[in-house]
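Thanks for coming, everyone. Let me put the structure up on the screen, and then I'll walk you through the ligand site and the sheet beside it.

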Amino acid sequence: MKPIEEAIPVVEMRNIKKNFGAVQALRGIDLALHHNEVLGLVGDNAAGKSTLMKVLSGAYIPDEGEIFLEGKKAHLSNPMDARRQGIEMVYQDYALANNLDVAANVFLGREVVRIRLGPIGVMDHRHMEQETKSLLNRLKIDISSVRQKVERLSGGQRQAVAIARSTAFNAKVIIMDEPTAALSVAAIDKVLDLVRELKAQGSSIIIISHRLEDIYQVSDRMIVLRQGRKVSDTPVEGDIHEFRERVVAYMIGARDDFREKTVAG
Ligand SMILES: Nc1ncnc2c1ncn2[C@@H]1O[C@H](COP(=O)(O)OP(=O)(O)O)[C@@H](O)[C@H]1O
Ligand SMILES: [Mg+2]
């Protein structure tokens, strides 16, 4: 039998609601993420995927609902606060500082200070470079020099740096919102390999993608949102065609596993 700690989800969101004016972006969503699991989050445009993940990463405060991290009730008041509690959101490559090199980007916001003279900190570049090199090696990311400016990298390499950066903070949970959007097919495969590598190394991951084949390839389980509600929460299995048909049926509202019985039945 598994120890009890392992049975407790890393993340549990309960009855999360969020409105923007008259728009009910999230209408009471439950989501659990288990240890070392890759959870795919899918749904049509405006289904509420990004909003739900912004709630989990502290960018939005929900109107209602609770979040538990490893069984303990959490209050995530802003992204820094969520990060301190082990929640990392990978934004697309625009979150990187293009004029800085790879190592500086990986360490952005948590630069290693060698000596501190009052308010003046001298950053330890050698240490940051070494750490970045070993991180990229460990994640099998192919970038020739950590001293390259990020603006010189390809889209796929930039996404890899953004993902590597998220792992550098000892995250419990890594959230990726459309990490393969706007990448070439070869670059998409590399990002998916990186997701598999992170899982192999013990990470727990939530991945949003409008590319159902991405979700199919890397996810253990999938949640489908439609109009701010969860309509499906199932293991990813079966062949790709069956999977695609099933997901589309949920996305367009032809299937719904959580719909309350209406008076009409
Ligand atoms: N900051 C915001 N202000 C107003 N409306 C928003 C905001 N963020 C999201 N919405 C609305 O909430 C709904 C869900 O959006 P979003 O979570 O971005 O969907 P998805 O990521 O699934 O495409 C949409 O109707 C969207 O227009
Ligand atoms: Mg979105």
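**The ligand site and its sheet**

Let's start at the ligand: a polar backbone atom of A46 is 2.8 Å from an oxygen atom of ligand 1, a polar contact, meaning a pair of N or O atoms within 3.5 Å; within protein, one must be able to donate a hydrogen and the other to accept it, and residues adjacent in sequence count only if both atoms are side-chain atoms. Before I go on, please keep in mind that this is a predicted model, where local features need pLDDT of at least 70 and side-chain atom pairs count only at pLDDT 80 or more, while totals for chains, interfaces and linings use all residues. Residues are numbered from 1 along each chain as its sequence is written, chains are lettered from A and ligands numbered from 1 in the order in which they are written, and side-chain values use heavy atoms, with hydrogens and water left out.

Back to the contacts. G48 brings a backbone N or O atom to 3.0 Å from an oxygen atom of ligand 1, and T51 places a polar side-chain atom 2.5 Å from an oxygen of the ligand. Taken alone, ligand 1 exposes 560 Å², and the protein buries 61% of that (areas by the Shrake-Rupley method with a 1.4 Å probe; for residues, only the protein chains shown count as cover).

Who else is around it? The residues near ligand 1, with a heavy atom within 4 Å, include F20, V23, D44, K49 and Y60. Which element gives the most to this shell? That is helix 2, with 3 residues. Strand 2 (23-33) and helix 2 (49-56) each supply at least two; helices (H or I, at least four residues) and strands (E, at least two) are DSSP runs, numbered from the N terminus.
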